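Please open the structure in your viewer and keep the selection tool at hand.

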Amino acid sequence: MAKQERAIRTRRAILEAAGAVFDEHGYTSTTISMVLERAEVTKGALYFHFPSKESLAQAVLDEQVPFGTVPEQPCKLQEIIDMTFVVAQRLLTDSLLRGSVRLTVDQATPPGVDHTGPFRQWGERLTVLMEQAGAQGELLPTVKPRDTVELLVGGFAGIQLMSRALTDRADLAHRISVLWSHILPGIAVPGLLLGLDSRADRGVRILSAVPVP
């Protein structure tokens with residue numbers, strides 16, 4: 001059990017180090033030596049868990065969606081809103097998430113690394129919630145859940161890129177709040193709008209009440 005726990009900790013340390021290096025340098029410029037130095041592990045330990053740079057990048061990508069986990073809400077539209085703000089808040093400090101997001105939009109990743117996965121996974125997860133929102137009468141009858149989710153995911157991706165370039169994401173929560181202020185009137189039933197919380201500090205308030213995993 002001690003060896004297993006140590007292996008789990010080592011794998012996590014490698015992933016977090018890789019996330020930081022991928023975030024700072026991108027896929028092409030990142031080397032295994034950089035990750036080894038950041039993680040402070042041996043080459044044998046790294047290759048035990050990840051046989052190549054491609055497999056390491058894929059593992060970093062695969063870690064992304066769980067960072068959007070939030071407490072369930074009776075209002076599913078609010079739950080979707082919460083997920084966007086929690087991810088935005090965690091992007092400020094979590095190196096693994098930052099690296100995963102960088103790889104998702106990095107067009108230099110080789111064919112062996114599926115950087116499209118997070119887009120599909122976010123789409124599937126949010127579409128389920130959006131369909132539940134529709135079933136509960138939260139959405140206008142003209143709303144198509146999948147189309148709305150793809151607009152939201154694409155919008156978030158672009159906004160976080162712009163925010164990173166301009167302010168190192170310091171204004172990302174504000175930009176997400178603005179995004180929702182434009183999207184919500186077009187998808188939510190009027191009686192729900194005033195009760196939805198899309199203020200810029202939403203992510204901070206959620207994470208202060210729920211321990212970060």
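Against which helices do the buried residues of α6 pack? They pack against α1 (2-29), α4 (53-62), α5 (76-90), α7 (117-135) and α8 (145-167). Helices here are DSSP runs (H or I, at least four residues), numbered from the N terminus. This is a predicted model, in which local features need pLDDT of at least 70 and side-chain atom pairs count only at pLDDT 80 or more, while totals for chains, interfaces and linings use all residues. Residues are numbered from 1 along each chain as its sequence is written, and side-chain values use heavy atoms, with hydrogens and water left out.

Select residues 95-104 first. Eight of the 10 residues of α6 are buried, so this helix is largely enclosed by the rest of the structure. Buried means under 20% relative accessible area, with a 1.4 Å probe and protein chains only. Among the buried residues are L96, L97 and R98. At the start of α6, a side-chain oxygen of D94 comes within 3.1 Å of the backbone nitrogen of L96.

Next, select I14 in helix α1. I14 counts as buried because its relative accessibility is 0%. Leaving aside neighbours within four places in sequence, its contacts (heavy atoms within 4.5 Å) include V35, A39, H49 and L56. The C-alpha atoms of I14 and R38 are separated by 8.3 Å, although these residues lie 24 residues apart along the chain.

Finally, select residues 31-50. The chain there is 75% helix and 0% strand, and its end C-alpha atoms are 13 Å apart.

Definitions and conventions. Helix = DSSP H or I, 4+ residues; strand = E, 2+ residues; numbered from the N terminus. Buried < 20%, exposed > 50% of the residue type's maximum accessible area, 1.4 Å probe, protein only. Polar contact = N/O pair within 3.5 Å; in protein donor to acceptor, adjacent residues only side chain to side chain.
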